[in-house]
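Colleague: Could you walk me through some helix packing in this one? Plain words, please.

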Amino acid sequence: MKPFWGLLPHRIEQAITGGWVRKFRAKYQRRNDSPAMAPARHSPRRLYVDLAVISRDDAGTGIQRVVRALALALTEQGTKEWDLYFVAADRRRPYHEISWPEAGAVVDPTEIAGRPGDLFLGLDFSLNTIRRYRRQLIRFRRNGGRFWFLICDLLPVEKPEWFSSGNVTRYKAWLDTIVGISDGFLCISAQTESDLKRVLEARYGLTGGYRTSIVPMGHDIRESRRDGRAIASPPESGRFDTSIPFSLMVGTLEPRKGHADILAAFSELWREGGENRLVLVGRMGWHVEKLRDTILTHSEYGGKLLWFDDVDDLELEAIYQACEGVIIASHAEGFGLPLIEALGHGKPVLARDLPIFSMHQGLGVCYFPSGAKSTDLALCIQRWTNAVQTGQIKVIRPSVGWQDSAKVLLSSIA
């Protein structure tokens, strides 16, 4: 019941607040909570990086791989301009310094406070702590600090039906908060940047007064590992026979990921006697109870159909290396990390024909029509599988690493 009651004020506010009120409030906050204009007297300046979620509960999702990889890259990048501090907050304490990635070091547990030149980087997807400690962040800004936030997508605002009502409420409350204080936004793709500008204008009436920058995504899972970055070849997954060819889908089971479409298409192939194997890797999400039951009761489950919901990064690396290709069936994405991870492993990709995926055309990505029926999609999958097995698809591995991402990030916030 605690999450319900904690979100109740936000539910009520979002239900009764009209668009003009939201726009007025956003502009008022940005104008009245502006930072002190005194020049920075300290060099290097302090860069506070928010890791409130992954420092406490790293679920290993795509977003968390991005956050972890960027945070590690920042520690290795080093910079003369910034003193780097990782920070977090919880129900008991506002934002304070933490020891990360290695736990146990002595850090200052007192509340962080801004001064001219300081910057708070909202790297983590900290929906709860950002809204809970909004007053602390406003003080940080009034004392001269600045804010940049990482934006992965705007889907909970634009497609709320794909998410749980609680997550939509939390996301909107988080967005309401950061819009009032942020100087800039780091976007994971040009698509996300375009979506952000559209939402900021439509929802908050903002057409300027902030900066945006696109941070390219890396692809190497090993660069996002806290404890095994030097591992050259991970051990094989022992849970299934990886020597038999299989197609792979990576991502939380949720409506927009398109698992149901792919399962229906594979079921068509299996009814015709096809030997195609499908492996799903991802945690159980929301609004997919029917899909879960369909998977677990499927006649091919445990044979040609496998689902693993507890795969860590090391095992995921091994599964990527063993698969013959990766299928991306999302109906919408801010970027689509599994696609670039697949190409990084030299694996062909079959993706839904969406604008966000078109940037990878010619790199080893084939496309199926966005609205394809199961029978047509089954034919696309079979043709793609045949092309993969006969070596007809040439994969060009991406050249961008997470160190490159960190360099762009630091250049953007400077």
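Modeller: Start with α5 and α7, where α5 passes α7 in a right-handed crossing (right-handed if the near helix is turned clockwise from the far one by less than a right angle, left-handed if anticlockwise). This is a predicted model, in which local features need pLDDT of at least 70 and side-chain atom pairs count only at pLDDT 80 or more, while totals for chains, interfaces and linings use all residues. Residues are numbered from 1 along each chain as its sequence is written, and side-chain values use heavy atoms, with hydrogens and water left out.

Colleague: Where are α5 and α7, and at what angle do their axes cross?

Modeller: Helix α5 covers residues 134-142 and helix α7 covers residues 165-181. Their axes come within 10 Å and cross at roughly 10°, so the two helices are roughly parallel to each other (under 35 degrees; over 145 is roughly antiparallel, 65 to 115 roughly perpendicular, the rest oblique). Axes here are lines fitted to C-alpha atoms, for helices over the stretch in contact, with angles from 0 to 180 degrees between N-to-C directions. Helices (H or I, at least four residues) and strands (E, at least two) are DSSP runs, numbered from the N terminus.

Colleague: Which residues of α5 and α7 meet?

Modeller: Arg 134, Leu 137, Ile 138 and Arg 141 in α5 meet Thr 177, Gly 180 and Ile 181 in α7. The residues of this contact divide into three nonpolar, two polar and two charged (Ala, Val, Leu, Ile, Met, Phe, Trp, Tyr, Cys and Pro count as nonpolar, Asp, Glu, Lys and Arg as charged, the others, Gly among them, as polar).

Colleague: Which residues in α5 are buried?

Modeller: Gln 136, Leu 137, Ile 138, Phe 140 and Arg 141 are (buried is under 20% relative accessible area, exposed over 50%, partly exposed in between, with a 1.4 Å probe and protein chains only). What covers them includes α2, β1, β4, α4, β5 and α7.

Colleague: And what follows α5?

Modeller: Gly 144, with a positive phi near 115°.

Colleague: New topic. Is Pro 338 buried or exposed?

Modeller: Pro 338, found in helix α12, is buried, with a relative accessible area of 14%. Leaving aside neighbours within four places in sequence, Pro 338 is in contact (heavy atoms within 4.5 Å) with Val 250, Tyr 320 and Ile 328.

Colleague: Last one: how do the axes of α9 and α13 cross?

Modeller: At roughly 75°, coming within 8 Å. That makes α9 roughly perpendicular to α13. Among the residues making the contact are Phe 266 of α9 and Ile 381 of α13.
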